[in-house]
Amino acid sequence: MKTDIQIAQEANMVHIKEVAKKLDITEEELDLYGKYKAKLSDELIKRIENNKEGKLVLVTAINPTPAGEGKTTVTVGLGQALGKLNKKASIALREPSLGPCFGIKGGAAGGGYAQVVPMEDLNLHFTGDFHAITSANNLLAALLDNHIQQGNALNIDTRQVVWKRCLDMNDRSLRNIVVGLGSKMDGFVREDHFVISVASEIMAILCLANDMEDLKDKLGKIIVAYSVDGKPVTASDLKAVGAMAALLKDAIKPNMIQTLEHTPAFVHGGPFANIAHGCNSVRATKLALKLSDIVVTEAGFGADLGAEKFLDIKCRKAGISPDAIVLVATIRALKYNGGVAKADLNAENVEALKKGIVNLEKHIENLQQYGVPIVVTLNQFITDTDAELAFVQEFVENKGCDFELAQVWEKGGEGGVALAKKVIEVLENKPANFKMLYEDDLSLQDKISTIATRIYGANGVNYTPAAKKQLDKITELGYGNLPVCMAKTQYSLSDDQTKLGRPTDFDINIREVYVNAGAGFVVAITGAIMTMPGLPKVPAAEAIDVIDDKITGLF
């Protein structure tokens with residue numbers, strides 16, 4: 001089998017204007033970035049604003065393992081398969097971050113014969129959205145420090161500066177830094193921090209904004225620091241909004257590319273799901289819904305993170321809801337959860353499968369709380385045996401879910417036709433009765449407890465003294481009605497990444513809480529999760545190169 005990048009580089013791409021025609025988008029409504037990428041214009045968004053919306057299918061997964069799950073691969077393959085069934089379908093994905101591309105995770109374009117292309121462009125600079133977000137974030141940081149240097153008219157307490165700089169790279173050395181060293185002209189000396197760009201509040205804002213006016217309103221509400229008397233100081237107070245909006249003028253426009261089978265793909269925005277809200281932009285999703293009969297979108301990492309945040313944050317903010325949910329697992333990953341070493345996953349082991357399937361069981365139970373019909377799919381490997389597949393199917397159907405296999409990695413859209421037919425059947429015969437996990441008027445502590453106990457399966461929640469004070473302060477400032485974005489490891493339902501399967505008898509530990517007032521949610525940081533990741537011992541960057549004008553080593 002060829003590598004993902006070999007398949008992508010050999011793809012027969014068509015001009016993006018031909019892809020756009022499938023959704024009745026004219027060439028004049030595209031802002032072209034070469035032959036195979038385009039941004040979608042405001043004129044298009046305005047023209048179709050009264051169109052009827054199509055059906056929305058959310059793809060999520062069990063907790064990620066080194067064995068692989070293939071959530072994005074299934075998302076892309078399902079979109080391709082719907083096209084093969086003559087459905088006016090599209091997919092909506094996040095943009096990949098450079099950090100994981102050069103780190104351990106690799107890119108985010110799908111895999112095998114279920115990919116979006118051009119793969120190298122998407123995984124590297126794409127249309128420059130992340131660079132614009134990084135620049136807007138750091139402009140705000142520069143304006144903040146300049147205001148303090150130039151007399152500090154807002155009486156900012158330099159010990160309570162909360163706005164962090166960002167970089168779209170895994171660089172642990174920047175987590176905690178000191179700025180302002182040198183002479184008096186070099187600024188005030190203070191501790192500062194970097195987060196990865198996908199954890200920046202500006203990324204979240206861009207992905208939740210409806211239009212430029214809404215974007216500017218949200219940018220203005222960003223809290224950058226607190227004054228000496230404890231009052232919030234905002235980006236609006238610093239007169240930073242207009243300049244940030246200018247940097248984001250093009251970035252707010254959704255991007256369109258194509259799958260290997262020329263299915264339209266809206267790829268826009270990219271907050272991480274373990275440290276941010278993990279969904280592509282509201283703008284891209286809504287646009288796709290107005291242009292398609294069926295839109296397949298995904299949420300980051302496992303359903304305990306991405307799906308929960310999609311359903312409780314994105315749906316709440318955007319006024320949308322899924323009509324069906326596809327939950328992805330693999331036999332290999334379930335056996336890994338059952339204690340099998342990665343080297344031994346190819347051998348049949350139904351006993352380990354019985355132990356590990358509890359992870360899938362918990363995700364099914366979690367999603368059933370939202371009232372949306374669920375289709376469980378196994379991203380099939382050639383090493384899966386009939387006995388293993390039959391066991392999972394029986395288990396899933398006994399839990400009240402539909403089941404179907406997916407072979408999209410190997411066969412592309414053709415390998416997803418059975419899954420696509422099952423999804424269509426569910427959309428036509430099983431109406432969703434969507435409800436969120438908690439109401440706005442629940443206290444922040446109760447919202448955190450609800451997620452911890454009902455989604456993660458925890459006994460309760462422990463707070464550090466600092467986190468308790470932060471919660472009290474956030475509530476006192478009037479932000480207690482906001483939803484909560486939990487920052488937690490993706491590898492476990494708990495906040496301890498070593499606890500696989502379905503952990504029991506544990507607490508969730510909250511060490512820090514802060515408000516993203518512009519984005520409109522409160523972030524609770526659990527366990528040892530980092531908002532600026534580090535590179536592994538052997539980074540993926542070591543294998544990436546350019547040979548004969550072709551990029552190699554991306555995956």
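Residues are numbered from 1 along each chain as its sequence is written. In this predicted model, local features need pLDDT of at least 70, side-chain atom pairs count only at pLDDT 80 or more, totals for chains, interfaces and linings use all residues, and side-chain values use heavy atoms, with hydrogens and water left out.

**Exercise 1.** Find how many aromatic pairs the whole structure holds, and class each one.

*Solution.* 
1. Apply the rule: rings of Phe, Tyr and Trp (its six-membered ring) pair if their centres lie within 6.5 Å; planes under 30 degrees apart are stacked, over 60 edge-to-face, the rest tilted.
2. The search gives two pairs.
3. Take Tyr370 and Phe434. Their ring centres are 6.5 Å apart and their planes stand at 10°, so this pair is stacked.
4. Locate both residues. Tyr370 is in the loop between helix H14 (350–368) and strand S18 (374–379), and Phe434 is in the loop between helix H17 (417–429) and helix H18 (444–456), so the pair ties together parts 64 residues apart in sequence.
5. Take Phe391 and Phe395. With centres 6.3 Å apart and planes at 35°, the pair is tilted.
6. Both sit in helix H15 (residues 386–398), four residues apart, about one turn of the helix. Helices here are DSSP runs (H or I, at least four residues) and strands likewise (E, at least two), numbered from the N terminus.

**Exercise 2.** Which charged residues lie over the rings of Phe381 and Tyr456?

*Solution.* 
1. Use the cut-offs: NZ of Lys or CZ of Arg within 6 Å of the ring centre and within 35 degrees of the ring normal.
2. Over the face of Phe381 lies Arg332, 5.2 Å from the ring centre.
3. Over the ring of Tyr456 sits the charged end of Lys488, 4.8 Å from its centre.
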